[in-house]
Amino acid sequence: MFGCPPPGGRFSASGRMVKKPYAEESISNLLPRLEEKPVKPPRYISIYRPSVKCEAEKNKAQWKTMGPAKVAVPSPKNFLQKHSKDPKLPARKKEQDPKKLPELSVPRRTDRPVMGIQSKKNFINTNAVAVITGLPKKPQPIYVDRRQGDKYLLETSGLVPKYIKKKGLKKNWEELNQEFQGLPVEMDTIPKKLNKEKLEIQMKQLEHDIDVIEKHKIIYIANE
């Protein structure tokens, strides 16, 4: 028969009574123990905390992060219209009155010249003084190919050394070379390629001209 277990025992799953084990007695277990709570270290507080807090409160406004307290509600009449954001052209000037004629730099048909003005200047003496004090005109140098031949200008004959004090072609080549060095590395568009080819052709032509001039001391240029 099943019933309440006797004191100091209990029933198992099979119905047998199992004796309850007794705890071991000790002198250290007689007195109650006090629970020791772990002591936390003091919290770190920065020495600059008061100054930072004061500065933050000084610079912070009510609408610093959330916007102003009260915002005006837009009126439904001010709706966005078509082409309202397009750039506006300047105001057109008023057209001139078609009846009013524009100012002319030539005299009108109805204008009359001023009559009766006389000058006391002696043009004969003035011209004579200008001829006497003026520098004589230098004749243009010419040359003749034979004793009874025709006359030709000496400047365009090629017998007079010209362009000996003129700047050489090397400066132009240096300017083109500097522009060529400034071109981008990647030629991804047609204008860039055309500009590069143009500079290369000009530099090659200048190099050819410089080479020809340095080889020959005298260069004759014939007039066509």
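pLDDT is the predictor's confidence in each residue, on a scale from 0 to 100. The structure shown is a predicted model, and its average pLDDT is 78, with 75% of the residues scoring at least 70.

| Element | Residues | Mean pLDDT |
|---|---|---|
| Strand 1 (lowest) | 9-11 | 52 |
| Helix 2 (highest) | 123-133 | 91 |

Where pLDDT is low, the predicted coordinates should not be read in detail.

The protein has 4 helices and 4 strands. Read from the N terminus, these elements follow the order β-β-α-α-β-β-α-α. Among the contacts in the protein with a separation of 6 or more, 25% join residues 24 or more positions apart.

Of the 224 residues in the protein, 4% are buried. The largest nonpolar core consists of 5 residues, namely Leu176, Leu183, Leu199, Met203 and Leu206. Helix 4, spanning residues 190-215, contributes the most to this core, with 3 residues. Leaving aside residues up to four places away in sequence, Leu206 is in contact with Leu169, Asn172, Trp173 and Leu176.

Ile27, Leu30 and Leu31 form a nonpolar surface patch of about 410 Å². Ile27 lies in the loop between strand 2 (17-19) and helix 1 (49-59). The relative accessibility of Ile27 is 73%, and because exposed means over 50%, Ile27 counts as exposed.

How values were computed
Residues are numbered from 1 along each chain as its sequence is written. This is a predicted model: local features need pLDDT of at least 70, side-chain atom pairs count only at pLDDT 80 or more; totals for chains, interfaces and linings use all residues. Side-chain values use heavy atoms; hydrogens and water are left out. A nonpolar core is a set of buried Ala, Val, Leu, Ile, Met, Phe, Trp, Tyr and Cys residues joined through side-chain atoms within 4.5 Å. Buried means under 20% relative accessible area, exposed over 50%, partly exposed in between (1.4 Å probe, protein chains only). Helices (H or I, at least four residues) and strands (E, at least two) are DSSP runs, numbered from the N terminus. Contact means heavy atoms within 4.5 Å. Patches are made of residues with over 30% relative accessible area and no salt bridge: like charges are joined within 9 Å, nonpolar side chains (Val, Leu, Ile, Met, Phe, Trp, Tyr) within 5 Å. Accessible areas come from the Shrake-Rupley method with a 1.4 Å probe; for residues, only the protein chains shown count as cover. A salt bridge is a side-chain nitrogen of Lys or Arg within 4 Å of a carboxyl oxygen of Asp or Glu.
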